[in-house]
Amino acid sequence: MSVAVQKPAKALATFCGLGAILLWALLALFTASTGMIPPFQLTAMTFLIAFCAAGVKWIATRQDIRALVRLPPSLWFIGIGGLFGYHFFYFLALKNAPAAEASLIAYLWPLLIVLFSTLLPTERFHWYHIAGGFLSLAGAALLITKGAGFVLDPKYVMGYSAAICCAFIWSCYSVLSRRYANVSTDVIGLFCGATAFLAFICHLLFETAVWPASAIQWLAVLGLGLGPVGAAFFLWDRGMKQGDIQTLGVLSYLSPLLSTLILLGMGVAPFSGSLVAGCLLITGGAIVGSYRVFRDFLAPGMKS
């Protein structure tokens, strides 16, 4: 394949990854609209919807399911471990540590993607990715803590450890996806089905069922399954396998920014100075981290 063909394909895959980031910005709003559904039950419901949507696509396109199932064991482990493992440890972190601290630690994953991606044979270390990542992380910290700061209390070490596991699991899953660039993104549907099953088992073990109490709550569950917990993972897989993985790592910090702005627009989140500062830092980090994109657009022949 020629370089001329590779570049548009990589750009399209990067936009797919950005699409996932934009969908994840709706996660907080949709989740807040689902009422009091326990987390593992909600995970099982939404991933089941994603699996069913993938099944409809397989039937419509006459996909050979047997070919999809014949995956190397390592890919099954990475796929299910990434989707289910991240959610399991995230809920464990929120249960055993303050939400602000746990969320911030878990949101180290975009920066870890940038760092881990340098281990890939086709990627190089670039200062602007790291600088952009740290700027955006600082902005995310302001949004999550609302400018109040936070203290890492030793009594919450289990929760903090679970949040660290979240960050490592999702960043490793994302980067390792690159090793299977030739595997169809349709396999994400299988991982969604397995994640739904495992989440259902956890729900039976740890939770009491609470069903949506209104049509709005049912629609929110459906929206989650089709969007932030459905299409987003398929788009992310495409972005990680064929797109600019380091730029997507930095741009991932746009998700909490856009999520906060959406909640602000819906009247769910209050306006504050820390919100403005966090938005500016994340935006600045995204611009710095996307330096190569702007450089290639303005001066295509220029090298790093």
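**A first stop: arginine 62**

Arginine 62 counts as exposed because its relative accessibility is 79%; buried means under 20% relative accessible area, exposed over 50%, and partly exposed in between (1.4 Å probe, protein chains only). This arginine 62 sits in the loop between α3 and α4 (65-69), where helices (H or I, at least four residues) and strands (E, at least two) are DSSP runs numbered from the N terminus. Although arginine 62 is not a glycine, its phi is positive, about 55°.

The model is a predicted one, in which local features need pLDDT of at least 70, side-chain atom pairs count only at pLDDT 80 or more, and totals for chains, interfaces and linings use all residues. Residues are numbered from 1 along each chain as its sequence is written, and side-chain values use heavy atoms, with hydrogens and water left out.

**Confidence**

- The protein has a mean pLDDT of 86, and 92% of its residues reach 70 or more; pLDDT is the predictor's confidence in each residue, from 0 to 100.
- Residues 1-5 have a pLDDT below 50, and beyond near neighbours in sequence this stretch has one contact in the model, a contact being heavy atoms within 4.5 Å.

**Nonpolar cores**

- The largest nonpolar core has 66 residues, and those with the most contacts inside it are Trp24, Leu83, Trp109, Trp170, Phe191, Phe233 and Trp236.
- Helix α10 gives the most to this core, with nine residues.
- Such a core is a set of buried Ala, Val, Leu, Ile, Met, Phe, Trp, Tyr and Cys residues joined through side-chain atoms within 4.5 Å.
- What does tryptophan 170 contact, leaving aside its neighbours within four places in sequence? Tryptophan 170 meets Trp24, Gly82, Leu83, Tyr86, Trp109, Phe233 and Trp236.
- Another core lies apart from the largest one and has seven residues, among them Ala97, Ala102, Ile105 and Tyr160.
- In soluble globular proteins, nonpolar side chains tend to be buried together.

**A nonpolar patch on the surface**

- Phe197, Phe200, Ile201, Leu204, Leu205 and Phe206 form a nonpolar surface patch with about 650 Å² of accessible area together.
- Patches are made of residues with over 30% relative accessible area and no salt bridge, with like charges joined within 9 Å and nonpolar side chains (Val, Leu, Ile, Met, Phe, Trp, Tyr) within 5 Å.
- The accessible areas come from the Shrake-Rupley method with a 1.4 Å probe, and for residues only the protein chains shown count as cover.
- Phenylalanine 197 belongs to helix α10 (residues 187-206), and it counts as exposed because its relative accessibility is 53%.

**Salt bridges**

- How many salt bridges does a search of the whole structure find? The search finds three, each being a side-chain nitrogen of Lys or Arg within 4 Å of a carboxyl oxygen of Asp or Glu.
- Lysine 57 pairs with aspartate 186, and their closest N and O atoms are 2.9 Å apart.
- This pair links distant parts of the chain, 129 residues apart: lysine 57 is in helix α3 (residues 39-60), and aspartate 186 is in the loop between α9 (157-176) and α10.
- Lysine 57 is partly exposed at 38% relative accessible area, whereas aspartate 186 counts as buried at 10%.
- Arginine 66 meets aspartate 64 in a salt bridge of 3.5 Å, N to O; arginine 66 is exposed at 62% and aspartate 64 is partly exposed at 33%.
- Lysine 241 bridges to aspartate 237, with 3.0 Å between the closest N and O atoms, and both residues are buried.
- Lysine 241 and aspartate 237 are four residues apart in helix α11 (residues 215-242), so about one helical turn separates them.

- Glutamine 217 lies in helix α11 and counts as buried at 18% relative accessibility.
- Not counting residues up to four places away in sequence, glutamine 217 touches Ser33, Thr34, Gly35 and Pro212.
- Serine 259, in helix α13 (residues 254-265), is buried at 10% relative accessibility.
- Leaving aside neighbours within four places in sequence, serine 259 contacts Ala25 and Ala28.
- Alanine 209 is in the loop between α10 and α11 and is partly exposed at 40%.
- Alanine 209 and phenylalanine 40 are 169 residues apart in sequence, with 9.7 Å between their C-alpha atoms.
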